[in-house]
Amino acid sequence: MAIQSPAGDSPSRGKRADAQRNRQTVLTAAAEVFVTSGVDAPIRQIAAQAGVGMATIYRHFPTRADLVTAVYHHQIEACAEAGPNLLASADSPLEALRQWIDLFVDFLITKHGLADALQSDNDRFAALHAHFLDRLLPVCAQLLDAAVEAGDIRPGTQPYELMRGIGNLCIGRDNDPRYDPRRLIVLLLQGLQRPHAS
C-alpha cells in the first residue's frame, strides 16, 4: 500500500506532478528565450529563465533537438487551443481572429531556426510540419468562417493562404530591425474586412 501524503496524493504521484510542472516551465521559458536569442541559445540561459537547474532540462530533454521539438509541439497546442477560447470570449469573431493571428505570429517567431536545429532529422521536421498543418488549419478555418458569417470579412480567403501569407510577412524580421511584420499583418487584415467592419 502506498504511503499517502497529507493532501491524499501518493509521493510518486506528487513527483510526477512536479516533473510535469517543471517540464511546462522549461517549455515556456525556452519559447521565450528562442524568441530573443534563437534556438541555439545556451541551455544555461533557458535554465535561468525557467528557474531550474540545467540537469532538470537535460532530464526532460536529453538533446537540443528534443527541446526544440517539444517547444514547437507545445506552441502548436497552445495556438490550437486558443482559437475556440478566443471565439467564445472575444467581443467579435473579427477580434478573435486578430488575437489568434497575434498568437500565431508569436509562434512563428518562436519557431525561427527550427529547420536548422533539426536539419539532421528530416523525418522529424516533416512530422512536425504535418502536425502544424493538421492542428492549426482547422482552427484558422473556424475563425475565418465565424468572421465571414458575422459579416466582418469578405468570403473566399482560404486558411492555408492566410497562414502562408502571414508566415511570409514574418520572414526577414531578424535581419532588419526596421522591419515590423505586425504592421503589415494589420494591413493584410484590413484588406480582408468588409467596408463596414471596424
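Helices (H or I, at least four residues) and strands (E, at least two) are taken as DSSP runs and numbered from the N terminus. The structure is a predicted model, in which local features require pLDDT of at least 70 and side-chain atom pairs count only at pLDDT 80 or more, while totals for chains, interfaces and linings use all residues. Residues are numbered from 1 along each chain as its sequence is written, and side-chain values use heavy atoms, with hydrogens and water left out.

The protein contains nine helices and zero strands, and its pattern along the sequence is α-α-α-α-α-α-α-α-α. Of its 198 residues, 37% count as buried, where buried means under 20% relative accessible area, exposed over 50%, and partly exposed in between (1.4 Å probe, protein chains only). The protein exposes about 11100 Å², of which carbon and sulfur atoms supply 52%; accessible areas come from the Shrake-Rupley method with a 1.4 Å probe, and for residues only the protein chains shown count as cover. With contact defined as heavy atoms within 4.5 Å, 65% of the contacts between residues at least 6 apart in sequence join residues at least 24 apart.

Five aromatic pairs are present in the structure. Rings of Phe, Tyr and Trp (its six-membered ring) are paired if their centres lie within 6.5 Å; planes under 30 degrees apart count as stacked, over 60 as edge-to-face and the rest as tilted. One of the five pairs is formed by tyrosine 72 and phenylalanine 107, and is tilted, at 5.4 Å centre to centre and 35° between the planes. This pair links distant parts of the chain, with tyrosine 72 in helix H4 (residues 64-89) and phenylalanine 107 in helix H5, 35 residues apart. Tyrosine 72 is buried, at a relative accessible area of 4%, and phenylalanine 107 is buried at 2%. Phenylalanine 107 also forms a stacked pair with phenylalanine 104, at 6.4 Å centre to centre and 20° between the planes. Both phenylalanine 104 and phenylalanine 107 lie in helix H5, three residues apart, about one turn of the helix. Phenylalanine 104 is buried, with a relative accessible area of 0%. Ring pairs join Tyr72, Trp100, Phe104, Phe107 and Phe132 into a cluster.

In soluble globular proteins, nonpolar side chains tend to be buried together. A nonpolar core is here a set of buried Ala, Val, Leu, Ile, Met, Phe, Trp, Tyr and Cys residues joined through side-chain atoms within 4.5 Å. The largest such core has 33 residues, among which Trp100, Ile101, Phe104, Phe132, Leu136 and Ile166 touch the most other members. Two or more residues are given to this core by each of H4, H5, helix H7 (122-149), helix H8 (159-170) and helix H9 (181-192). H5 gives the most, with 10 residues. A second, separate core of 20 residues includes Val26, Ala30, Val33 and Phe34. Leaving aside neighbours within four places in sequence, phenylalanine 132 is in contact with Tyr72, Ile76, Phe104, Phe107, Leu137 and Met163.

Glutamine 99 is located in helix H5 (residues 93-110). Glutamine 99 counts as partly exposed because its relative accessibility is 31%. Apart from neighbours within four places in sequence, glutamine 99 is in contact with Leu86 and Ala90. Glutamine 99 and alanine 82 are 17 residues apart in sequence, and their C-alpha atoms are 9.2 Å apart in space.
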